[in-house]
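Please open the model in your viewer and keep the selection tool at hand. The tour below goes from one group of side chains to the next, saying at each stop what to select and what is there.

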Amino acid sequence: GTDAHPSQHHPVLNVFSAELYKHFKLGPFHTIHNLVYQIPTNSDVIRMPNFSYYTSDYFAFGLAKKVLTLEIGFDLYYYTGYKGYSYMPAYGMFYHQDIRKIGNYPYFDAFLTAKLKRTRFFVKYDHANSGLLGKNYFNVLHYPMPGGRFRWGLSWTFYD
């Protein structure tokens, strides 16, 4: 409930979910789309956005006799607005809130990856649109998503 006290719901809850996924490739250009529609049988107990969408669009090409593979592109995450959850630190639990709708905000990341044999290097700027469309980027009430930040790293695959 909205009082932040734990409670239990007895009847079975179901969530109807439909997902569309497609990876298109046209030469070096790749675009991946994932659209999800979901609706619970009782939205007073489980709250979730009706639609969520993810896309990853990038160019991938090989260099140096295809030993080095580069990908440059962006990711976009979006879900429709809904009266989501709030967090109670004392209980360590999430609870329903009716104060504000959360969501309805695009989350944009730009990236560059390079793969050399078994090693992958990446450079990424998370939440590149931070502050451009207002400051209404929350996953949970009063807990904003991180602002724009630069990340880099590498991953190395070992043979088994």
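Begin by selecting Asp 109, Lys 124, Asp 126, Arg 149 and Arg 151, which are linked in a network of salt bridges, a salt bridge being a side-chain nitrogen of Lys or Arg within 4 Å of a carboxyl oxygen of Asp or Glu. Before going further, note that this is a predicted model, in which local features need pLDDT of at least 70 and side-chain atom pairs count only at pLDDT 80 or more, while totals for chains, interfaces and linings use all residues. Residues are numbered from 1 along each chain as its sequence is written, and side-chain values use heavy atoms, with hydrogens and water left out.

**Inside the network**

Now keep Asp 126 and Lys 124 selected: they form a salt bridge whose closest N and O atoms are 3.7 Å apart. Are these two residues buried or exposed? Asp 126 has a relative accessible area of 4% and is buried, and Lys 124, at 15% relative accessibility, counts as buried too, where buried means under 20% relative accessible area, exposed over 50%, and partly exposed in between, with a 1.4 Å probe and protein chains only.

Arg 149 is partly exposed, with a relative accessible area of 39%.

By the salt-bridge rule the count comes to five. For another salt bridge, select Asp 98 and Arg 47, whose closest N and O atoms are 3.0 Å apart. Asp 98 is in the loop between β6 (93–96) and β7 (107–116), and Arg 47 is in the loop between β2 (29–40) and β3 (51–63), so that the pair links distant parts of the chain, 51 residues apart. Asp 98 counts as partly exposed at 45% relative accessibility, whereas Arg 47 counts as buried at 15%.

**An aromatic cluster**

Turn now to the rings, and select Phe 16, Tyr 37 and Phe 51, which ring pairs link into a cluster. Rings of Phe, Tyr and Trp (its six-membered ring) pair if their centres lie within 6.5 Å, and planes under 30 degrees apart count as stacked, over 60 as edge-to-face and the rest as tilted. The structure holds 11 aromatic pairs. One of them is edge-to-face, because the rings of Phe 16 and Tyr 37 have their centres 6.2 Å apart and their planes at 65°. Phe 16 lies in strand β1 (residues 15–26) and Tyr 37 in strand β2, so this pair ties together parts that are 21 residues apart in sequence.

Tyr 37 also pairs with Phe 51, and that pair is tilted, at 4.9 Å centre to centre and 45° between the planes. Tyr 37 is partly exposed, with a relative accessible area of 27%, and Phe 51 is partly exposed as well, at 39%.

Technical notes:
Helix = DSSP H or I, 4+ residues; strand = E, 2+ residues; numbered from the N terminus.
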